[in-house]
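Hi everyone, thanks for making time.

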Amino acid sequence: MRPVRVLPAPNVAVKGTMSEPITLELVDADAVMDSNGRSELSRADLLRRAAVTGGALIGGGVLLTGVPKAFAQGSGTDLEILNFLLLNETLEAAFYAEAAKSGALKGKALAFARQVAKNEAVHRDTVKAAVGSNARAIPPFDFKGIPNDRDKFLVTALALEDGDVAANNGAGPLLSSKALLAAAGSIVSVEARQAAWIRRIVFGNTPKQANRQPAPRPFDPGITLAQAKAALRSTGFVPQGEV
Amino acid sequence: MNELTLEQVDVDGALREGAADLDESGRGLTRAGLLGGGLFGGAALAAIAAEPAAAAKRTKGDTRILQFALTLEYLEAAFYAEAIRRGELKGERLLFAEVAGAHERIHVRTLKGILGGDAIKQPSFDFRGTTGSSAKFTKTAIALETTGVAAYKGQAPRIDSDALLAAALTIHSVEARHTAWILDIAGRNPAPVGLDKPLTKKQVLAVVAKTRFIQG
């Protein structure tokens, strides 16, 4: 039986429950084959597994569990959304900064980490200014050595950036303030640029499969705030405190 | 309205299915095309399709915004189509033009479908040789995509309907992906600043007018 190929991986399955250790599994559903050339892990299996473990599939354009009807839900006040974004942007600013100085990256990956660290710091500061004294405290982060491992960093970055687009697109229509919508609009396109950029780094210049391309779909669907929180929780990067 | 199921959300096949569904129907958007195919604007777009009453209640402002967006999508789709036809592109530039072009075509059909009788016709374009070389194509694509993102961004806070806003946002971020993609191909920084700026409709139209791509 051939070993599981770790990279390149169009899908990152992130799963974990309260009792299981959190793992970031790099699974290429299309490439996992047994010696007879049959796929051991079909896409349907992967989705079912994610659903059963309560985990979330991020990246590769696959939606998280459940169907987003983000624009209609009306859940999440502006403040709730802002505090989630503050946590997310603060986390990412720290994550990319760590990766940039870890020494694990060079060339395009290093240039990416450095620029994105700057951009996420701007996002964090923008959201911080918007939330003002209503900011929730930021709990400590544990990046589990991922910024120090080039391959794991790249795949995680891909999942984070695609996830940011989805979270922002879901949150946008829920915001009651036009000013906040404008700010979110200025942020989300940068996340989308970063997502396209990391996809080029991970999958190369001429990937044939749509789900490996910088723009995998004609539309980027939004996810709900609950789904965005669940995805962040399931990374295990916020071991204490509330997401 | 039926919820989209996970099985319907099939990344690998969806873009092809969706595009085929749209092209083959010849009638523009069908319900099946919206719910089953590659239209991940997904819940937002499906809801719009399922509620024709909502379309009837569309504000004048939203109609103008949709027509504005349609103009830009027509422009981009035609630009990529001509660039591919002229045969000067290869490798990663060709792939970009094919994929971005397919997306823009789907955006055109989606916006036409939403607008219905309010859809404007495609203008005639003259791309003035910008599709004739790899270098000119690259420079022009960067300008068009950057302007498109800024246009959607400028209009978003002005959209009255939450469903249309959701749909607009699902397109806006894809245009941003296109922008970063072609910038990276050009060897430029794909995300040089933390915040992208909006442009007003007036500013966008001024940029487009300067190109003289739109005839008449």
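**A walk through two chains**

Let's start with one residue: at 32% relative accessibility, B:Thr146 counts as partly exposed, where buried means under 20% relative accessible area, exposed over 50% and partly exposed in between, computed with a 1.4 Å probe on protein chains only. B:Thr146 sits in helix α7 of chain B. When I say helix or strand, I mean DSSP runs numbered from the N terminus: H or I with at least four residues for helices, E with at least two for strands. The C-alpha atom of B:Thr146 is 8.8 Å from that of B:His178, although 32 residues separate the two along the chain.

Before I go on, some housekeeping. This is a predicted model, where local features need pLDDT of at least 70, side-chain atom pairs count only at pLDDT 80 or more, and totals for chains, interfaces and linings use all residues. Residues are numbered from 1 along each chain as its sequence is written, chains are lettered from A and ligands numbered from 1 in the order in which they are written, and side-chain values use heavy atoms, with hydrogens and water left out.

Now compare B:Thr146 with a residue in the other chain. A:Lys108 belongs to helix α4 of chain A, residues 107-131. With 55% relative accessibility, A:Lys108 counts as exposed.

What does chain A look like overall? It has seven helices and three strands, and along the sequence they run β-β-α-β-α-α-α-α-α-α. Of its 243 residues, 58% are buried. Contact here means heavy atoms within 4.5 Å. Of the chain A contacts with a separation of 6 or more, 75% are between residues 24 or more positions apart.

Next, A:Gln213. You'll find it in the loop between α6 (178-203) and α7 (225-235) of chain A. Is A:Gln213 buried or exposed? At 3% relative accessibility, A:Gln213 counts as buried. A polar atom of its side chain lies 3.1 Å from the backbone oxygen of A:Pro207, and the backbone oxygen of A:Lys208 is 3.4 Å from a polar atom of that side chain. Leaving aside neighbours within four places in sequence, the contacts of A:Gln213 include A:Arg199 in chain A, plus B:Leu95, B:Val99 and B:Trp181 in chain B.

On to the rings. A pair of aromatic rings is described by the distance of the centres and the angle of the planes. The rule is that rings of Phe, Tyr and Trp (its six-membered ring) pair if their centres lie within 6.5 Å; planes under 30 degrees apart count as stacked, over 60 as edge-to-face and the rest as tilted. Over all chains, the structure holds 19 aromatic pairs. One of them is B:Phe79 with B:Phe137, a stacked pair at 5.4 Å centre to centre and 0° between the planes. B:Phe79 is in helix α5 (residues 60-86) of chain B and B:Phe137 in helix α7 (residues 134-155) of chain B, so the pair ties together parts 58 residues apart in sequence. Both B:Phe79 and B:Phe137 are buried.

B:Phe137 has another partner. Its ring centre is 6.3 Å from that of B:Phe96 and the planes are at 65°, so this pair is edge-to-face. B:Phe96 lies in helix α6 (residues 91-115) of chain B, 41 residues from B:Phe137. B:Phe96 is buried too. Over in chain A, ring pairs link a cluster whose members include A:Phe95, A:Tyr96 and A:Trp197.

Let's finish with helix α5 of chain B. How many of the 27 residues of α5(B) are buried? The count is 20, so α5(B) is largely enclosed by the rest of the structure. From first C-alpha to last, α5(B) reaches 39 Å, close to the 39 Å expected at 1.5 Å a residue; that expected span is 1.5 Å times one less than the number of residues. Just after α5(B), B:Gly87 takes a positive phi of about 75°. Just after α6(B), B:Gly116 also takes a positive phi, of about 60°.

How values were computed:
A polar contact is a pair of N or O atoms within 3.5 Å; within protein, one must be able to donate a hydrogen and the other to accept it, and residues adjacent in sequence count only if both atoms are side-chain atoms.
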